[in-house]
Amino acid sequence: MGSGFDFYVLSLSWSPTWCTENDRAGKTAQCNGDRTYGFIVHGLWPQNERGFPSFCPSRDSDRVPDALGRGLFDIIPSMGLIGHQWRKHGTCSGLDQRGYFSVLRAARDRVRIPASIETADARRRMSPAAIETALADANPGLTPQGVAVTCGDDKLDEIRICFTRDLAFRACSEVDRGGCRARDLTIPAATRP
């Protein structure tokens, strides 16, 4: 599924952290309180063993049609983010828009987030290693070397999971090395800030 790169990285953003740091007033659908989001898909990124392609030429429009984008709102609640991910990453997948977003959804559907991480109705702390281990335990074939937890200001930011082009879990040393090195992280509650 896709060509011209070595593997995919599925980036799942912890929405409560993003909302706390970027939209405290709740102006976006992601943060306005009509629905509480935990992890949302930040993107599915074609990756090489070293580095990644971006903003590749494509026969498809830069604009993602509303009908296609709105069908992703359950996992990416923003047409702006959907369009950006297509332009920066999807165009480098070797797929058309419909194909890229189909693979993106399939990758997200492949990942089971354990309740110990996803059910965050209260602020708590957890180490990046414990998050990676919990994900590996919940997803047969995934190892901690195929997951990177990112952080900012000691808060959980994203979880990045590596896949082959056929959506099998795989290790990814460059992505893993870029993960958070904090001893433990705050996981903000999955409620409106």
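**Nonpolar core.** I looked up the largest nonpolar core of this predicted model. The core comprises 43 residues, and F101, I131, L156, I161 and F163 touch the most other members. I then listed the elements that give two or more residues to this core: the strands β1 (7-14), β2 (39-47), β4 (147-152), β5 (155-163) and β6 (185-187), together with the helices α3 (79-88), α4 (97-110) and α6 (128-138). The most is given by α4, with 5 residues. I also noted a second, separate core of 7 residues, with F7, W45, C162 and C172 among them.

**Contacts of F101.** I set aside the neighbours of F101 within four places in sequence and found V64, L68, L72, I82 and W86 in contact with F101.

**Aromatic pairs.** I recorded 6 aromatic pairs in the structure. I checked burial for W86 and F101, and both are buried. Ring pairs also join Y100 with W86 and F101 in a cluster.

**Largest pocket.** I noted a volume of about 210 Å³ for the largest pocket. Its lining consists of V9, H42, W45, Q47, F52, H84, Q85, K88, H89, R160, E174 and V175. Sorted by class, I have 4 nonpolar, 5 polar and 3 charged residues in this lining. At least two lining residues come from each of β2, α3 and α7 (173-177).

Note on methods: Residues are numbered from 1 along each chain as its sequence is written. This is a predicted model: local features need pLDDT of at least 70, side-chain atom pairs count only at pLDDT 80 or more; totals for chains, interfaces and linings use all residues. Side-chain values use heavy atoms; hydrogens and water are left out. A nonpolar core is a set of buried Ala, Val, Leu, Ile, Met, Phe, Trp, Tyr and Cys residues joined through side-chain atoms within 4.5 Å. Buried means under 20% relative accessible area, exposed over 50%, partly exposed in between (1.4 Å probe, protein chains only). Helices (H or I, at least four residues) and strands (E, at least two) are DSSP runs, numbered from the N terminus. Contact means heavy atoms within 4.5 Å. On a 1 Å grid over the protein atoms alone, a cavity is a set of points where a 1.4 Å probe fits but cannot get out, and a pocket is an open set with protein on both sides within 12 Å along at least five of seven lines; lining residues have an atom within 4 Å of a point. Grid points are joined across faces, edges and corners, and a volume is the space filled by probe spheres set on the points. Ala, Val, Leu, Ile, Met, Phe, Trp, Tyr, Cys and Pro count as nonpolar, Asp, Glu, Lys and Arg as charged, and the others, Gly among them, as polar. Rings of Phe, Tyr and Trp (its six-membered ring) pair if their centres lie within 6.5 Å; planes under 30 degrees apart count as stacked, over 60 as edge-to-face and the rest as tilted.
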